[in-house]
Amino acid sequence: MIATSVLITGANRGIGLGLVREFLARGYAVFASCRQPHLADELQSLASKYGEKLHVYACDVTSDDSVQAFCQAVSQDVGAIDILVNNAGVLPRGDEKIGEVGVDTLRHTIETNTLGPFRIVQAFLPLVRRGREKKLLHISTKMGSVSLNTSGGAYSYRMSKAALNMLSQNLSIELYSEGVISLVVHPGWAQTDMGGARAAVPLSDSVRGIMSIIEQATLRESGGFFNYTGEALAF
Ligand SMILES: NC(=O)c1ccc[n+]([C@@H]2O[C@H](COP(=O)([O-])OP(=O)(O)OC[C@H]3O[C@@H](n4cnc5c(N)ncnc54)[C@H](OP(=O)(O)O)[C@@H]3O)[C@@H](O)[C@H]2O)c1
């Protein structure tokens, strides 16, 4: 039987790397990207262990050329992708108050967190359309919810992820008739470099929660926004 294939961006550390480990442990074929594969020691040691089950590619999601090259390389290795996980993301450090938000910071955050997933979806959709599961999962955040925003701040991050949520919703509508599922997940305040030292959720809990959402997702859940625990969140 052919293994289910999953593509993951930002796979060298944090949630991306955690998902790679978990998918491999469950027998999936993993197509993982990161900016600098030659420096991605943990990913490379997994590649040595799992052989043909893990393919590692270079991709900077802020670059059209890089995403195109990534897509061409994957297309030479496999004819279809069953599950696509848009994981790569950035969180600008420090508090952001209006009047002090650097437009370059805002631009880079949107370039990575919004345009990055957009580029990945546009490039890989033909492969996903040929896949058996046809699932697009975008790692967003509660901070991208307009209705749950009661504390303000973090302009760059919130705006970039709110737009990512809209991308997912639009995809779920446009691609519904083709059976393509698109949803967004909040991974919890997870213990990664981004989550920082005070993060509450062990990485393994976040990853297992995300996995269970992916594995259980049907067209009924498409267009949804889910906490890693499985509960639905408001946009
Ligand atoms: N941790 C949390 O508490 C939390 C909460 C809510 C949402 N999230 C979301 O979860 C996702 C993963 O976050 P994380 O906690 O695992 O963060 P992380 O440990 O900081 O990892 C971020 C990943 O994104 C990659 N990345 C950044 N810019 C990139 C680019 N231009 N092109 C390709 N890859 C790029 C990084 O690669 P490099 O190593 O090359 O920098 C790294 O692999 C993000 O989308 C984040 O917004 C996290």
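I began with the outward face of α3. On this other side of the helix, I found Asp65, Gln72 and Gln76 exposed. I note that the model is predicted.

Next I looked up the buried residues of α3. Val67, Phe70, Cys71 and Val74 are buried. I checked where they sit around the axis. They cover an arc of only 95°, so they lie on the same side of α3.

Then I checked the length of α3. The helix has 14 residues, 64-77. At 1.5 Å a residue, α3 should span 20 Å. I looked up its end C-alpha atoms, and they are 20 Å apart, which agrees.

I moved on to the strands. In which order do the 7 strands stand in the open sheet? I read β3-β2-β1-β4-β5-β6-β7, and the pairing is parallel. Which strands stand at the edges? They are β3 and β7 (225-227). Each has a single partner strand, so one side of each is left without a neighbour in the sheet.

β1 and β2 run parallel, and 4 bridges join them. I looked for the bridge partner of Ile8 and found Ala32 in β2.

Definitions and conventions
Residues are numbered from 1 along each chain as its sequence is written. This is a predicted model: local features need pLDDT of at least 70, side-chain atom pairs count only at pLDDT 80 or more; totals for chains, interfaces and linings use all residues. Helices (H or I, at least four residues) and strands (E, at least two) are DSSP runs, numbered from the N terminus. The expected span of a helix is 1.5 Å times one less than its number of residues. A residue is buried if 20 or more other C-beta atoms lie within 10 Å of its own, exposed if 12 or fewer, and partly exposed in between; C-beta atoms are placed from the backbone. The arc is that of the directions from the helix axis to the C-beta atoms. Two strands pair if DSSP finds at least two bridges between them.
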